[in-house]
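This briefing is meant to be read beside the sequence and the coordinates.

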Amino acid sequence: MKLQKNLWMRIFEFFLFFLICFPLAVQVAEIFIHIQKPVIEYLKIVTLFLAVAFFTVFYILRYGSILKRYRVFEKKQKVIIKKLKEEKDSIEKNYIDSIRLNKEMTNIVKRLIETERDLREKNEWFKNFLSSRLRLLVFRM
């Protein structure tokens, strides 16, 4: 992997050097060596074509890997968002269930309090009844 990366760097450096120096060499040749105009124009067009081709390939290679990583991160992000939505739905459901259970428990506690009050009243009534019945019995004797 590292050897392959070094090879690509060397190729990149060569083409970069070529694309910088070749147009300069063409300009120098045009000034000092009187080459015919069509040849100079042809060399300029070739240089421009090579530059466009080189930078197109360079950007495809460079940013293609970045786009690939971006797509991987995007897929991971979608999975995380899906899990978070499921967790949110679960929390909301549990929250609603807890509210329902809380209401049920409140109703049960209210009924227990009412039942306790009724039992106390009946117990009091029964005590009074027994005490009056006992007085009647004692009185009759």
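Helices here are DSSP runs of H or I with at least four residues, numbered from the N terminus, and it is in this sense that Glu-104 and Arg-100 are placed in helix 2, where being 4 residues apart means that they are separated by about one helical turn. The model is a predicted one, and every value below is computed from it.

**Overall make-up**

- The secondary structure of the protein comes to 2 helices and 0 strands; helix 1 covers residues 2-32, while helix 2 covers residues 37-140.

- Side chains of opposite charge can pair when their charged atoms come close.
- With a cut-off of 4 Å between a side-chain nitrogen of Lys or Arg and a carboxyl oxygen of Asp or Glu, the count for this model comes to 4 salt bridges, and those described here include the pairs Lys-88 with Glu-92, Glu-104 with Arg-100, and Arg-120 with Glu-116.
- Lys-88 and Glu-92 have their closest N and O atoms 3.4 Å apart, and both residues lie in helix 2, 4 residues from each other, which is about one turn of the helix.
- Lys-88 counts as partly exposed because its relative accessibility is 47%, and Glu-92 is likewise assigned to the partly exposed class, in its case because of a value of 39%.
- Glu-104 and Arg-100 meet through their side chains in a salt bridge with an N to O distance of 3.0 Å; Glu-104 counts as partly exposed at 37% relative accessibility, as does Arg-100 at 41%.
- Arg-120 and Glu-116 form a salt bridge with an N to O distance of 3.0 Å, and because they are 4 residues apart in helix 2, about one helical turn separates them.
- Within this last pair, Arg-120 is exposed, since its relative accessible area is 57% and the exposed class begins over 50%, whereas Glu-116, at 40% relative accessibility, counts as partly exposed.

**Aromatic pair**

- The structure holds 1 aromatic pair, formed by Trp-125 and Phe-129, whose rings are stacked, with 5.4 Å from centre to centre and 10 degrees between the planes.
- The description as stacked follows because planes under 30 degrees apart are put in that class, and the angle for Trp-125 and Phe-129 is 10 degrees.
- Both Trp-125 and Phe-129 belong to helix 2, where they are 4 residues apart, or about one turn of the helix.
- Trp-125 counts as exposed at 56% relative accessibility, while Phe-129 is partly exposed, with a relative accessible area of 38%.

**Nonpolar surface patch**

- Leu-7, Ile-11, Phe-14 and Phe-15 form a nonpolar patch on the surface, and together these residues have about 360 Å² of accessible area.
- Ile-11, one of the patch residues, is found in helix 1, and it counts as partly exposed because its relative accessibility is 33%.

Conventions:
Residues are numbered from 1 along each chain as its sequence is written. This is a predicted model: local features need pLDDT of at least 70, side-chain atom pairs count only at pLDDT 80 or more; totals for chains, interfaces and linings use all residues. Side-chain values use heavy atoms; hydrogens and water are left out. Patches are made of residues with over 30% relative accessible area and no salt bridge: like charges are joined within 9 Å, nonpolar side chains (Val, Leu, Ile, Met, Phe, Trp, Tyr) within 5 Å. Accessible areas come from the Shrake-Rupley method with a 1.4 Å probe; for residues, only the protein chains shown count as cover. Buried means under 20% relative accessible area, exposed over 50%, partly exposed in between (1.4 Å probe, protein chains only). Rings of Phe, Tyr and Trp (its six-membered ring) pair if their centres lie within 6.5 Å; planes under 30 degrees apart count as stacked, over 60 as edge-to-face and the rest as tilted.
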